[in-house]
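Student: Hi! Could you walk me through a structure today?
Tutor: Happy to, here it comes.
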Amino acid sequence: MTLRIAIAGASGRMGHMLIEAVQAAPDLTLAGALDRVGSPAIGTDAGAFSGQPAGVVIQSDLDKGLAGVDVLIDFTRPEGTLHHLEYCAAHGIKMVIGTTGFDEAGKAAIRAAAARTAIMFAPNMSVGVNVTLKLLEMAAKNFAEGYDIEIIEAHHRHKVDAPSGTALKMGEVIADALGRDLKECAVYGREGVTGARDPSTIGFATIRGGDIVGDHTVLFAGIGERIEISHKSSSRVSYAQGSLRAARYLADKRTGLYDMQDVLGLKD
Ligand SMILES: NC(=O)C1=CN([C@@H]2O[C@H](COP(=O)(O)OP(=O)(O)OC[C@H]3O[C@@H](n4cnc5c(N)ncnc54)[C@H](OP(=O)(O)O)[C@@H]3O)[C@@H](O)[C@H]2O)C=CC1
Ligand SMILES: O=C(O)C1=N[C@H](C(=O)O)C[C@H](O)C1
């Protein structure tokens, strides 16, 4: 039996990648597609953009778009995801959430909903980024003293949240490894007379431009040497394939909150 998948944000950059990936996967069926109320995509075929009709109409009505669905893969905006979350929790539909930019209340709502349905929530679905997070944990422990830590991220001109969810996750992993609290030690950009650098801080710098898919570099700057750990995405395929892997991982889960480290077996 195939896993029945719906895609939220069906006409978005990730939505298109995901629809093509689900259509190409023999063990998955595209069973629903959602977009926001008022989107010109509502009422059109979910595969029309690629010339491969899916036989699935894009809906904004959740009863119609999620009928008979096992897993909703959601790459939209926090307000869209939270709207879908309530419906999925109430109807036992599992969720893969790739959306970034949640505030603390939004993250708490996701944690609470995971008591009612199974959820995989991660700011980056690529294998490369998730292995990079493990490398950062090890590096941070070894560069705890004498190295200044800066996280630099670059994305396309359309991205609306900053720093990226991935950059924030990298900061959390590093802060945890160092026994620091990111909320207390993060510095988001600098301007004017800032004073000398506080060694306990983790700095963030954001670049937006053109069609950059997603670059992340963590710089450990010491005296006489610096170390850079970088990940660069050249296509959104890795995010889509990671999301499908996550959907399959949820197939036998009823409730619980998971991340890509669980899916990839990277947890200690
Ligand atoms: N976890 C990961 O691996 C990755 C995460 N992301 C994240 O995924 C999200 C989407 O990225 P991307 O595809 O580039 O963005 P796009 O803007 O291309 O797509 C977003 C889609 O969601 C729709 N949408 C917007 N607001 C709402 C809403 N309130 N309710 C329902 N649908 C809504 C948009 O419709 P419309 O265009 O009509 O407004 C659009 O179809 C971002 O948060 C991004 O950071 C991206 C890549 C990888
Ligand atoms: O908006 C994007 O494009 C991306 N968003 C995610 C993030 O905020 O980290 C993941 C990836 O970097 C692409």
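Student: How many bridges join strand β7 to strand β10, and which way do the two run?
Tutor: Seven bridges join β7 (residues 148–155) to β10 (residues 214–221), and these strands run antiparallel. Strands here are DSSP runs of E with at least two residues, helices are runs of H or I with at least four, and both are numbered from the N terminus. This is a predicted model, where local features need pLDDT of at least 70, side-chain atom pairs count only at pLDDT 80 or more, and totals for chains, interfaces and linings use all residues. Residues are numbered from 1 along each chain as written, while chains are lettered from A and ligands numbered from 1 in the order in which they are written.
Student: Ok, and what is the bridge partner of A154 in β10?
Tutor: A154 has D215 as its bridge partner there.
Student: What is the strand order in the open sheet?
Tutor: Five strands line up as β8-β9-β7-β10-β11, with mixed pairing; two strands pair if DSSP finds at least two bridges between them. At the edges are β8 (186–188) and β11 (226–233), each pairing on one side only.
Student: New topic: which residues are around ligand 2?
Tutor: T100, P123, N124, H155, K159, S164, G165, T166 and G214, where being near means a C-beta atom, placed from the backbone, within 6 Å.
Student: How many of that shell are nonpolar, polar or charged?
Tutor: One is nonpolar, seven are polar and one is charged. Ala, Val, Leu, Ile, Met, Phe, Trp, Tyr, Cys and Pro count as nonpolar, Asp, Glu, Lys and Arg as charged, and the others, Gly among them, as polar.
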